[in-house]
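Let's take a friendly walk through a protein model together. Have the sequence and the 3D view ready as you read.

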Amino acid sequence: MPGLPPIGHGTRQTSGVAWNRCREGVAVYRVFEALDELVTIVEEARGVPMTSSCVVPRGDVLELLDDVRDSLPAEVDDAQDVLDRRDEIIRTAREQAEETVGSATEEAERLMAEARAEAERIVAEAREEADRTIAAGEAEYADVTERAQVEADRMVQAGRDAYERAVDDGKREQARLVSQTEVVQAAHNEAARIVDEAHEEADRQRADCDVYVDNKLAEFSDLLATTLRTVDSGRNHLRGPVPAATRPPAYDYQAQ
C-alpha cells in the first residue's frame, strides 16, 4: 500500500498511540480497496441478455463485503450505537438539564430568602439601636433641662433672698440714721447699690444657667447628628449588595 509503512515496521520505535493510528489507517485503506474491487467485479461481470443485470461471483463478493465490514473502524460502530440511542441520550440530557435548572432555581431562591432575612434583621437592629439612642438622648435632655431649671430656680431664689436681706438691712440702717440727712442719703445710696448688685448677681447667675443649658443642648444635638449619620451609613450599606428586584423597602428615619 503506497504511503503506509509495512505492518510491524519500526514497532519498537513507534508508541502505542501511533501504532493504533497506523492500524486504523490500514483498516480504512482496506475498506476503500475492497470497495474498488467490488466495483471492478461488477463492471467486468457478464451481463444477462435483455436485462441490465449481471452475473457476479457470489463468493468473491461476500468475501469482499466481509473485508469491508471487518475493516470498518470501531468508531463507526460506536457512532451507529449513538444514533440508535439518540432519543434516549437526548431525553436523558434534557432530564439532567431540567434537574440542574431546578436545583439552581431552588438554590437561588434559598439564597435570596436568606439575603432578604439578613437584610430585614440588620434593618430591625438598626431601628432598635436608633430608638435606644433617641430614647437615651431624650432622657438625657429631660434630665439636663430639669437640673438646669432647678439650678436656675435656686439661683433666682438666692438672688431674691439676698435682695430682700439687703433691703431689710437698708431699711434698718435707714431707720437708725433717719435723723441725719447726710447719713440718710448715704444709706439710701448704699441700699440702692446693694439692690443693684443683687439684681446684677441674679442676672449673672441666670445667664450662667442659660449658658449651661445651651451647652448641654448642643452636646445632645451633636449626639443625635452622629446617630443619624450612623443609621444612614447602615442603610446605604444595606442597599449595595441586595438586587434591586428583591431589595426590602428603604427605612426613612425622618419619616418615622
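The sections below cover confidence, the nonpolar core, salt bridges and cysteines.

Residues are numbered from 1 along each chain as its sequence is written, and side-chain values use heavy atoms, leaving out hydrogens and water.

The score called pLDDT is the predictor's confidence in each residue, from 0 to 100. Its average over the protein is 77, and 75% of the residues score at least 70. Helices here are DSSP runs of H or I with at least four residues, numbered from the N terminus. Confidence is highest in helix α4 (residues 86–176), at a mean of 86, and lowest in helix α3 (residues 74–84), at 65. Over residues 1–14 the pLDDT falls below 50, and this stretch has 11 contacts in the model beyond near neighbours in sequence; a contact means heavy atoms within 4.5 Å. Residues 251–256 also stay under 50, with 9 contacts beyond four places in sequence. Where pLDDT is low, the predicted coordinates should not be read in detail.

## The largest nonpolar core

A nonpolar core is a set of buried Ala, Val, Leu, Ile, Met, Phe, Trp, Tyr and Cys residues joined through side-chain atoms within 4.5 Å. Buried means under 20% relative accessible area, exposed means over 50%, and partly exposed lies in between (1.4 Å probe, protein chains only).

Which residues make up the largest nonpolar core? There are 7 in all: V31, A34, L38, I41, V61, L64 and V68. Two elements, α1 (16–44) and α2 (58–71), each give two or more residues to this core. Helix α1 has the largest share, with 4 residues. Setting aside residues up to four places away in sequence, V31 touches V68, S71 and L72. In soluble globular proteins, nonpolar side chains tend to be buried together.

## Salt bridges along the helices

A salt bridge is a side-chain nitrogen of Lys or Arg within 4 Å of a carboxyl oxygen of Asp or Glu. The whole structure has 14 of them. In one, the side chains of R154 and E151 meet at 2.6 Å, N to O. Both residues lie in helix α4, 3 residues apart, which is about one turn of the helix. R154 is partly exposed at 49% relative accessible area, and E151 is partly exposed at 30%.

Helix α5 (residues 181–239) holds R206 and D203, 3 residues apart and separated by about one helical turn. Their closest N and O atoms are 3.1 Å apart in a salt bridge. R206 is partly exposed at 36%, and D203 is partly exposed at 47%. R204 also forms a salt bridge with D208, with the closest N and O atoms 2.9 Å apart. R204 and D208 both lie in helix α5, 4 residues apart, about one turn of the helix.

## Cysteines

How many disulfides does the structure hold? The number is 0, with a disulfide taken as a pair of cysteine sulfur atoms within 2.5 Å. C54 is partly exposed, with a relative accessible area of 31%, whereas C209 is buried at 6%.

Technical notes
Predicted model: local features only at pLDDT ≥ 70, side-chain atom pairs only at ≥ 80, totals over all residues.
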